[in-house]
Amino acid sequence: TDLWSLLPDGLVMERPFTTRDLAEALRLHLATSQRIAYCLRHAGAVRVVGKTGNRVIYARTDPSEARHLA
């Protein structure tokens with residue numbers, strides 16, 4: 001939840017999303033949103049739930065499922 005709190009309030013990804021969705025919501029370049037998604041995935045805040053074409057589909061991980069890094 002700490003990582004999600006760093007993102008703007010209007011960006012509550014309760015549904016699956018792609019990095020393109022993230023880029024549009026944050027008004028960033030696609031490459032930047034891909035880096036954000038990578039960090040969220042590495043931290044366990046999102047998980048991969050599918051793919052459409054070349055786009056990976058992410059879903060927010062329940063906080064109780066997220067990895068806790070020490």
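Tutor: A nonpolar core here is a set of buried Ala, Val, Leu, Ile, Met, Phe, Trp, Tyr and Cys residues joined through side-chain atoms within 4.5 Å. Keep in mind that the model is predicted.

Student: Which residues make up the largest nonpolar core?

Tutor: That core has 10 residues in all: Trp4, Leu7, Phe17, Leu22, Leu26, Ala37, Leu40, Ala45, Val46 and Tyr58.

Student: And which elements give two or more residues to this core?

Tutor: H2 and H3 do. In general, nonpolar side chains tend to be buried together in soluble globular proteins.

Student: Back up a bit. What does the secondary structure of the chain come to?

Tutor: There are 3 helices and 2 strands. Along the sequence the pattern reads α-α-α-β-β.

Student: How much of the chain counts as buried?

Tutor: Of its 70 residues, 29% are buried. The accessible surface of the chain is about 5,100 Å², and carbon and sulfur atoms account for 50% of that.

Student: What about contacts between residues at least 24 apart?

Tutor: They make up 35% of the contacts in the chain between residues at least 6 apart in sequence.

Student: OK, H3. How many residues, and what does it reach from first C-alpha to last?

Tutor: H3 covers residues 30–42, which is 13 residues, and it reaches 18 Å from its first C-alpha to its last. That is close to the 18 Å expected at 1.5 Å a residue.

Student: Which residues of H3 are buried?

Tutor: Ser33, Ala37 and Leu40 are the buried residues of H3. Seen down the helix axis they fall within an arc of 60°, so they line one face of H3.

Student: Why would residues three or four places apart point the same way?

Tutor: An α-helix has 3.6 residues a turn, so residues at that spacing point the same way.

Student: Which residues are exposed on the other side of H3?

Tutor: Arg35 and Tyr38 are exposed there.

Student: What covers the buried residues of H3?

Tutor: The cover includes helix H1 (2–5), helix H2 (19–26), strand E1 (46–52) and strand E2 (55–60). Take Leu40: apart from neighbours within four places in sequence, its contacts are Leu3, Trp4, Ala45 and Val46.

Student: And Ser33, buried or exposed?

Tutor: Ser33 is buried, because its relative accessible area is 0% and the cut-off for buried is under 20%. Not counting residues up to four places away in sequence, Ser33 touches Thr19, Leu22 and Ala23.

Student: Which are the buried residues of H2?

Tutor: They are Thr19, Leu22, Ala23 and Leu26. These cover an arc of only 100° around the axis, which puts them on the same side of H2.

Student: What do they pack against?

Tutor: The buried residues of H2 pack against H3 and E2.

Student: What comes just after each of those helices?

Tutor: Just after H2, Arg27 has a positive phi of about 55°. H3 is followed by Gly44, whose phi is also positive, near 85°.

Student: New topic, Arg55. Where does it lie?

Tutor: Arg55 lies in strand E2. Arg55 is partly exposed, with a relative accessible area of 39%.

Student: What is Arg55 in contact with?

Tutor: Leaving out neighbours within four places in sequence, Arg55 is in contact with Thr18, Arg20 and Gly50. Thr18 and Arg55 are 37 residues apart along the chain, yet their C-alpha atoms are separated by 6.5 Å.

Definitions and conventions: Residues are numbered from 1 along each chain as its sequence is written. This is a predicted model: local features need pLDDT of at least 70, side-chain atom pairs count only at pLDDT 80 or more; totals for chains, interfaces and linings use all residues. Side-chain values use heavy atoms; hydrogens and water are left out. Helices (H or I, at least four residues) and strands (E, at least two) are DSSP runs, numbered from the N terminus. The expected span of a helix is 1.5 Å times one less than its number of residues. Buried means under 20% relative accessible area, exposed over 50%, partly exposed in between (1.4 Å probe, protein chains only). The arc is that of the directions from the helix axis to the C-beta atoms. Contact means heavy atoms within 4.5 Å. Accessible areas come from the Shrake-Rupley method with a 1.4 Å probe; for residues, only the protein chains shown count as cover.
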